[in-house]
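Good morning, colleagues. Please bring up the sequence and the structure on your screens, and we shall go through them together.

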Amino acid sequence: MNPVLPLLALRAFTEVAKHKSIKQAANFLGVTSGAVSQQIRLLEERVGVPLFVRSHHSMELTHAGQRVYPALLQAFEQIEGAMHVLENILQEQTITISTVPSFAASWLVPRLGKFTQLHPEIEVHIEASSTLVNLHQQRVDIAIRHGLGNYPNLVSEQLISPVLLPVMSPNFPLNSVIETPQDCLNYPLLQDNDRMDWSLWLAAHGVEYNEKAKRGSAFDDDYLLIRAAIAGQGLALVPKEYAIQEIAEKRLVQVLDKPWPAKFAYYLVMLPETIERPEIIKFINWIKTEAEGN
């Protein structure tokens, strides 16, 4: 007796018995009908008894086929269940993070190597997109979002409260020195998507409302806003965390020493059950420590 189990043939037998059709079994297995027929023939030759009664419309089990089909069906269902367990184990060691491109590029990604060194067994997948994700429908573990922290039916933990700095390119042409917040209105202002930051920043520093504060090109992501400022298109208000490296490498200069705490903050947003996973706890503890040290 050949000790090697004909697993392919047994799987083909099980699917044909389930679907009562070689064609449907082949479609399910992703192979040709000829391949399934060959496996059935090889199995019948090996055991020495017919397993199916063939007709033009259906494949019916013989008495021998009926005796072994339930056990084989259960066996392959158990194998599939074991595979799901293995896949879930792998998934549990992978964390998918969704956040906006600016936060990913300027803050998270440069620091991520530290987490990998601390926890090499955990893989982190970053999805950088301005599109809001539905945590109930998409395979995202943590969304890092810029908002007020009000996320119904979700767990949210504050990560960073950005401080906005007025910046510009060192090559930006100035007609006069900018000495006060009011002076910024003499130059093109690069806007956030809501066109609110400049108005709020000016008001916080005692400048009365001016229509100029809401004019200028607007960008839906801080990364694009920073690129426009570096290109010399105008003055921009950007989070301090994003501006530090650009200022240090002389791609931007701070216009005035007038930082302003933004009303919005960055939050870690998760499903309630997600926060209980050990690898999620490790990531949250790490990223909070990074945020405290900026």
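This is a predicted model: local features need pLDDT of at least 70, side-chain atom pairs count only at pLDDT 80 or more; totals for chains, interfaces and linings use all residues.

At which residue does α5 bend, and which proline follows within four residues? The bend is at Leu108, it amounts to about 50 degrees, and the proline is Pro110.

Helix α5 covers residues 101-118, that is, 18 residues. From the first C-alpha to the last it reaches 24 Å, close to the 26 Å expected at 1.5 Å a residue. Its buried residues are Ser102, Phe103, Ala104, Ser106, Trp107, Leu108, Arg111, Leu112 and Phe115. Leu108, where the helix bends, is therefore buried, since its relative accessible area is under 20%.

Let me step back to the overall picture. The protein chain contains nine helices and 13 strands. Its radius of gyration is 31 Å, whereas a compact globule of 294 residues would have a value near 19 Å. Along the principal axes, the C-alpha trace spans about 95 × 40 × 35 Å. As to burial, 40% of the 294 residues count as buried.

Helix α9, residues 278-293, has 16 residues and reaches 23 Å from its first C-alpha to its last, close to the 22 Å expected at 1.5 Å a residue.

I turn now to the strands. How many of the five residues of strand β10 are buried? Five of the five are, so β10, residues 235-239, is largely enclosed by the rest of the structure. Leu235, Leu237 and Pro239 point one way from this strand, while Ala236 and Val238 point the other way, and all are buried. In general terms, side chains in a regular strand alternate between the two faces of the sheet.

Strand β10 has pairing partners. Strand β7, residues 163-168, pairs with β10 in the antiparallel sense over four bridges, and Leu164 has Pro239 as its bridge partner. Strand β8, residues 189-192, pairs with β10 in the parallel sense over two bridges; here Leu189 is bridged to Leu235.

Strand β5, residues 142-147, is mostly covered, with five of its six residues buried. It pairs with β3, residues 94-99, in the parallel sense over three bridges, and Ile142 of β5 stands opposite Ile97. With β13 the pairing is antiparallel and runs over five bridges; Ala143 stands opposite Val269 in β13.

Next, the aromatic residues. A search of the whole structure finds 10 aromatic pairs. One of them is formed by Phe13 and Phe52, which are tilted, with 5.3 Å centre to centre and 55 degrees between the planes. This pair links distant parts of the chain, for Phe13 lies in helix α1, residues 7-19, and Phe52 in strand β1, residues 52-54, 39 residues apart. Are these two residues buried or exposed? Phe13 is buried, at a relative accessible area of 0%, and Phe52 counts as buried at 3%.

The rings of Tyr242 and Tyr266 have their centres 6.5 Å apart and their planes at 55 degrees, so this pair is tilted. It too links distant parts of the chain: Tyr242 is in helix α8, residues 240-248, and Tyr266 in strand β13, residues 265-270, 24 residues apart. Both tyrosines are buried. Together with Phe103 and Trp107, they form one aromatic cluster, and Phe103 and Trp107 are among the buried residues of α5.

One contact between a charge and a ring also deserves mention. Lys18 lies over the face of Phe28, at 5.6 Å from the ring centre.

I close with backbone geometry. Most residues other than glycine have a negative phi. Which phi does Lys20 have? Its phi is positive, about 55 degrees, although Lys20 is not a glycine. Lys20 is placed in the loop between α1 and α2, and at 40% relative accessibility it counts as partly exposed. Asn153 likewise has a positive phi, near 65 degrees. The place of Asn153 is in the loop between β5 and β6, and at 68% relative accessibility Asn153 counts as exposed.

Technical notes: Residues are numbered from 1 along each chain as its sequence is written. Side-chain values use heavy atoms; hydrogens and water are left out. Rings of Phe, Tyr and Trp (its six-membered ring) pair if their centres lie within 6.5 Å; planes under 30 degrees apart count as stacked, over 60 as edge-to-face and the rest as tilted. Buried means under 20% relative accessible area, exposed over 50%, partly exposed in between (1.4 Å probe, protein chains only). A charge sits over a ring if NZ of Lys or CZ of Arg is within 6 Å of the ring centre and within 35 degrees of the ring normal. The expected span of a helix is 1.5 Å times one less than its number of residues. The bend at a residue is the angle between axes fitted to the seven residues ending there and the seven starting there. Two strands pair if DSSP finds at least two bridges between them. The radius of gyration is taken over C-alpha atoms; the globule rule is 2.2 Å times the number of residues to the power 0.38.
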